[in-house]
Amino acid sequence: MKTSVVGSRVVREDAWGKVFGQTKFPADVNLQGQIYAVVIRSPHPHARVLGINSEQAMSLAGVVAVLTAKDVPNNSHGVLFRDQPVLAEYIRMVGDPVAVVGAETEEIARAAAKLVEVEYEVLPAVFDPEEAMMPDALPLHPTLRPTNVLYHMPIRRGNLQEGWAQADVVIEKEYSTQHVDHAFLQPEAVLAHVDERGHMVVETATQYAHYDRGEIAHALGLRFSQVQVKTLAVGGAFGGREDISLQIMAALMAWNTLRPVKMENTREESFYSHSKRHPMRMHYKTGATKDGKLVALEAKIIGDAGAYSSWSINVLRKSAVHASGPYVIPNVSIDSYAVFTNNPYSGAMRGFGAAQTVLAYESQMDLLAKEIGISPLEIRLRNLFKVGSTTATGQVLTGSVPLDQCLAKIAPYLQRGGDSQ
Amino acid sequence: MIEIKLVVNNKPYTLGVEPSERLIDALRNRLGLLGTKEGCGEGECGACTVIMDGKTVNSCLVLAVQANGSVITSIEGVGNRRSPHPVQKAFVEVGAVQCGFCTPGMVLSAKNLLDKNSKPSNEEIGIAMSGNLCRCTGYDKILRAVKIAAEEGKE
């Protein structure tokens with residue numbers, strides 16, 4: 001197939017505006033008469049809000065409104081399940097928003113936010129996903145799931161007992177990865193206003209404008225046709241702008257005050273505002289014959305979903321599907337879980353669950369090679385997917401599977417670098 | 001309010017600023033120069049880089065009053081669509097621009113390097129750009145663009 005685009009060098013349309021500093025990110029747009037809004041977030045990982053006293057804040061000159069859960073018509077949002085409050089009365093993580101303050105200037109809004117008194121009943125919190133999985137652990141989302149196990153994905157292939165019987169070498173190890181923040185360079189910002197048609201217009205940087213629109217409409221009790229989301233330049237996202245951050249709060253403030261509302265996160269607020277990469281605990285047991293052929297894999301992967309479901313089901317599904325790596329293994333048992341805890345919620349991030357398991361399955365390959373006495377390259381060459389291979393999920397690979405070419409290209413570098421151990 | 005005088009992009013200004021006001025706030029809010037970006041507010045990311053009296057600074061760490069009497073170049077003072085600076089041209093052509101939020105700061109760090117050192121080594125380029133973070137992780141192309149701009153400037 002011939003094409004004039006694929007394979008040619010194309011200058012991206014938006015690059016010129018960016019090198020001259022002309023490109024508009026959401027912090028760069030303003031409207032006449034706008035107010036500024038600032039969020040008050042919970043310092044507790046698990047708590048009930050008993051009361052919010054905004055009298056002192058409201059008495060500060062320039063404060064326009066303090067909004068709380070009772071001001072939200074439908075107080076929920078979420079990409080898979082609407083399990084996340086716009087403004088929380090029941091706190092499931094540090095950083096859950098409890099109130100939003102609107103004022104004539106950002107300085108006044110920040111000063112007023114400090115004057116809002118929130119009374120909490122602090123509850124015991126669970127931070128370890130394996131503890132949270134215990135049957136006696138308090139479920140964080142009882143209406144969604146009876147336990148904290150949001151999702152379980154089992155994959156079975158072949159016969160594991162036969163696999164272990166064939167194995168000359170077995171490596172069993174535990175691997176874990178940590179939370180990672182996307183730290184996209186442009187902190188979240190929103191400009192929301194009610195336009196001359198009476199429509200809610202929200203300008204923001206988002207990965208998912210049509211979803212934002214639906215969630216804003218749902219939370220405010222508006223029709224889809226009454227909400228417009230304009231995506232301005234997106235200053236990095238990497239999955240971290242798939243969920244709602246400030247959009248609904250800005251819209252709610254604009255809808256209530258009929259003033260244009262600007263919100264801008266500081267970097268610190270940004271860390272509290274969006275999802276994280278799932279920390280995963282990965283228990284791997286891998287068996288191979290003495291000539292380096294993989295024969296069995298048993299893996300248990302526990303992903304910390306944190307306080308809300310976000311994309312956890314899809315992420316842990318991908319972890320399970322990719323858990324055997326790009327290698328043919330005839331006998332497989334994989335179980336992946338997404339578990340609620342009181343940690344920051346986990347969501348989409350580059351790789352979407354496929355990145356974490358690499359640490360486990362590739363480390364296992366290196367350890368097996370060492371044990372068997374062949375090179376790390378050799379053990380991979382003996383097991384990698386080729387056209388016609390069957391994956392752990394039973395997929396027969398018929399398309400492009402150029403792993404052998406990839407390894408051939410890096411082989412000279414591996415040799416030059418010596419033993420990868 | 002404290003009165004300061006400064007030159008920004010070759011234009012003289014007299015501004016009344018708050019004692020706690022940062023240079024980035026004065027540039028963005030008082031002068032409307034929105035090309036200067038705030039990424040972290042604590043001097044880590046370099047998105048707010050401007051050139052102040054021949055040195056690159058994080059404008060989030062400089063008080064507006066400290067800029068009194070200074071000559072400042074922000075991204076709006078570098079090149080335009082009719083005649084882009086060699087750094088800007090190279091960034092576009094090499095593909096060193098992704099989300100673009102770091103780009104103004106990157107361009108200014110590169111420009112300031114080339115203003116002082118027209119034949120920088122790779123190491124000198126690396127050092128000059130080390131204060132600017134790119135979370136799209138396009139560093140390779142960014143460094144290549146600076147190299148190409150340096151070579152173009154030599155001709």
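**Interface, chains A and B**

I looked up the interface of this predicted model first. Between chain B and chain A, about 2400 Å² is buried (the accessible area, 1.4 Å probe, that two parts lose on being put together, summed over both). Carbon and sulfur atoms give 61% of that area. Counted by residues in contact (heavy atoms within 4.5 Å), 35 come from chain B and 29 from chain A.

Conventions, for the record: residues are numbered from 1 along each chain as its sequence is written, and chains are lettered from A and ligands numbered from 1 in the order in which they are written. The model being predicted, local features need pLDDT of at least 70 and side-chain atom pairs count only at pLDDT 80 or more, while totals for chains, interfaces and linings use all residues; side-chain values use heavy atoms, with hydrogens and water left out.

**Sheet in chain A**

Next I traced a sheet. Helices (H or I, at least four residues) and strands (E, at least two) are DSSP runs, numbered from the N terminus. In chain A, 5 strands make an open sheet with mixed pairing, in the order E7-E15-E14-E13-E8; two strands pair if DSSP finds at least two bridges between them. E7 and E8 (169-176) of chain A stand at the edges with a single partner strand each, so one side of each has no neighbour in the sheet. Neighbouring strands are turned by 5° against each other on average, direction ignored; the axes are lines fitted to C-alpha atoms, for helices over the stretch in contact, and angles run from 0 to 180 degrees between N-to-C directions.

I then listed pairings inside the sheet.

- E14(A) and E15(A) run parallel and are joined by 10 bridges; A:Ile302 stands opposite A:Tyr337 in E15(A).
- E13(A) and E14(A) run antiparallel, with 9 bridges; A:Met282 stands opposite A:Ile301 in E14(A).
- E8(A) and E13(A) are also antiparallel, and 8 bridges join them; A:Lys173 stands opposite A:Tyr284 in E13(A).

The hairpin of E13(A) and E14(A) has 5 residues between the strands, and in it A:Gly292 takes a positive phi near 90°.

**Helices on the sheet**

I checked what lies against these strands. H9(A) lies across E7, E13, E14 and E15 of chain A and runs at about 20° to E7(A). H10(A) packs on the sheet too, touching E8, E13 and E14 of chain A, and its direction makes about 150° with that of E8(A).

H7 (residues 247-257) of chain A is mostly covered, with 9 of its 11 residues buried. Among them I note A:Ile248, A:Met249, A:Leu252 and A:Met253.

**Positive phi**

- A:Leu258 follows H7(A) and has a positive phi near 55°.
- A:Ala183 has a positive phi of about 45°; A:Ala183 sits in the loop between E8 and E9 (189-194) of chain A and is buried at 18% relative accessibility.
- A:Phe238 has a positive phi near 60°; A:Phe238 is in the loop between E11 (227-231) and H7 of chain A and is buried, at 15%.

**Cysteines in chain B**

Last, I searched for disulfides (a pair of cysteine sulfur atoms within 2.5 Å). B:Cys99 is in no disulfide, and the nearest cysteine sulfur, in B:Cys136, is 3.9 Å away. For B:Cys102 the closest cysteine sulfur is that of B:Cys134, at 4.3 Å, too far for a bond. I find both cysteines buried: B:Cys99 has a relative accessible area of 11%, and B:Cys102 is at 7%.

How values were computed:
Buried means under 20% relative accessible area, exposed over 50%, partly exposed in between (1.4 Å probe, protein chains only).
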